[in-house]
Amino acid sequence: MTTMKLYLHTAIASLLLFASAGLLQQMQAQEVQSDYEIVQNFNKTYNDLSDRLDKVSAVKEAKKLVDDVKSLQGNYSEHKELLNKALYPQTFEEKMNKLSSQVQSAHQRLQTIARQEDKLKQLTGNVNDFETQLEKLQQKSDSLQKVLANMNQRNRSLSSTVRNYRESVSERDRLVLNIIDSLLANYQQLDTQTLKELSMAYKQSKKNIDNNALKLIQTIARTNIEFLNSSQTLSTGDYLRMYSVQQKFRDMWNKIGDELIKIYKPDAGAEAVQSELQGSLDEWETKVADQTWKSMNRAFDENGIELSEFGDSQGLYQSLTNYVDNGIKEGDRKQYQNFSQFWNNTVKTQWAEYITGTNILSYDQMTNVDKKLNEWDSKTASSSYLWKILVAVAVLIIIVLGIMLARAKS
Amino acid sequence: MISNKWLNMIVGGLAAIVLMACGSQMTIKRVNYSQSLETVVQPADNGKVEDVKHGLTFNIKPIQYAETQDTSSVTTDKIHLIRGAKGYYFVTAPGYSNVYIMTPETGSLKLHKKVHITDNGIDKPAFNQRDPYIQLINQDTGQSYRLTEKGIQTQ
């Protein structure tokens, strides 16, 4: 038993001795290090961190990188002198300070991007809503358009489909006006820094964002051109409203177009997108203006007002003043009444909002037509009174002669 | 009387002789050749070792022969070398039992001393510059040796 115990103690003591010898050797190995290895390890870790810095794309990764750079600096500062020699002409401090400031700025940049991503999500959410609504209205007016294409003229004038079609077009225009307001509110007053940050945020999260305001604008311009190419005949009021929407859309683009390009297309292809959009807006304007002038010419004509044909604002004003001036000269009361009725009940009541809004006619020009119209009224009114007096005198003479004849008989 | 022209010529000639004499004997003392970090380099198949950073190229085969008595092919993939403060090169390789201290001469490296370290050789050797001596370490065991041009210095 005693012998057994002795063996056991000897074995334990040997094991402890062996373990402590191993530990001592390990400690010794740690104490004496190869300078070359130290430098190699430092360079390797430094290069790994630099590679991570190039690829860092999330705040969490950037934070970890900041910590790792601090650790590297802490771990190797005791070898500063050795590293200064090995890294010559750079120094350990210079190299670490450079990396440290790079990771710090990457961290800050990603933090900013993360903040702007929320704003971008909100903007994208709005765009998605608009896209959906626009698509629904487009589908509605497309299907109504197909129904109308299969109707004859007589059925059309009686059908509620025409009313629905016009209403859907009007609804779509209202939506476009809402989009314009929303885009102006969101993008008009962004400062340079925010634009830059939003652009970075967009670049960062590009994979997750299919829609953006720039694409929405392109869609609206394109669908309007398509609509004007295939639309059924609408009223002049409808065309004027569409013209007014187009003008507001162009104004909006002039105000925030540059900002949208900076955010959503900051690098290559920006010029191409800008010129493509400019081309679409020009085409949209040409088409809607053309339809509007044709429709206005037709409307005057259908109401018995034979204006000389016009194709722009100046031409319209010229035709109107010529027509009224001729009317004053000719003094035709009926012609006056017809024009006056159309001018007051249609032009000034139903069209005025769009006519003045799009500068087709200015307030001054409309006032001038009104003044001429008053002159026309006075002139035709005076000739009409004379005629009435003559009739009254003739009637009076007939009555007097009648009475005299009756008395003579009796 | 010696004319000024002759006087100038004599003084100039003497000055030239003194300067030439100085030039041929000029020696700059207390030069420190120490290389702060060892060079670890892989020899080419023909034994050529090139330390680009310090501008040194030589063939390892004579040293390998001294170590292994074999020059049929290069038997090591790493050469460790470092220059000490006095200008001697210390050369070894993994598995070598010796450190070779070489003196640079015109177009050659001459063996100054072969220092025996251990019979079994060191598998992971490394040199550190610890002016005025070179430290050789066994990275497996942590054992270190002080080397000078005279051999192993007792610590």
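The side chains of A:D173 and A:R241 form a salt bridge with an N to O distance of 3.0 Å, a salt bridge being a side-chain nitrogen of Lys or Arg within 4 Å of a carboxyl oxygen of Asp or Glu. The pair links distant parts of the chain, 68 residues apart: A:D173 is in helix α7 (residues 160-187) of chain A and A:R241 in helix α10 of chain A. Helices (H or I, at least four residues) and strands (E, at least two) are DSSP runs, numbered from the N terminus. Both A:D173 and A:R241 are buried, where buried means under 20% relative accessible area, exposed over 50% and partly exposed in between (1.4 Å probe, protein chains only). A:D173 and A:R241 also belong to a network of salt bridges with A:R166, A:R172 and A:D238.

This is a predicted model, in which local features need pLDDT of at least 70 and side-chain atom pairs count only at pLDDT 80 or more, while totals for chains, interfaces and linings use all residues. Residues are numbered from 1 along each chain as its sequence is written, chains are lettered from A and ligands numbered from 1 in the order in which they are written, and side-chain values use heavy atoms, with hydrogens and water left out.

Helix α10 (residues 236-264) of chain A has a kink of about 55° centred on A:I256; the bend at a residue is the angle between axes fitted to the seven residues ending there and the seven starting there. Of the 29 residues of α10(A), 23 are buried. A:R250 lies in helix α10 of chain A and A:E285 in helix α11 (residues 270-302) of chain A, so the pair ties together parts that are 35 residues apart in sequence. A:R250 is buried at 14% relative accessible area, whereas A:E285, at 22%, is partly exposed.

Turning to the interface, 13 residues of chain A are in contact (heavy atoms within 4.5 Å) with 16 residues of chain B. The area buried between the two chains is about 1,100 Å², and carbon and sulfur atoms give 55% of it; buried area is the accessible area (1.4 Å probe) that two parts lose on being put together, summed over both. One salt bridge is counted between chain A and chain B. B:R130 forms a salt bridge with A:D35, the closest N and O atoms being 2.8 Å apart.

Chain B itself has two helices and eleven strands. Of its 155 residues, 38% count as buried.
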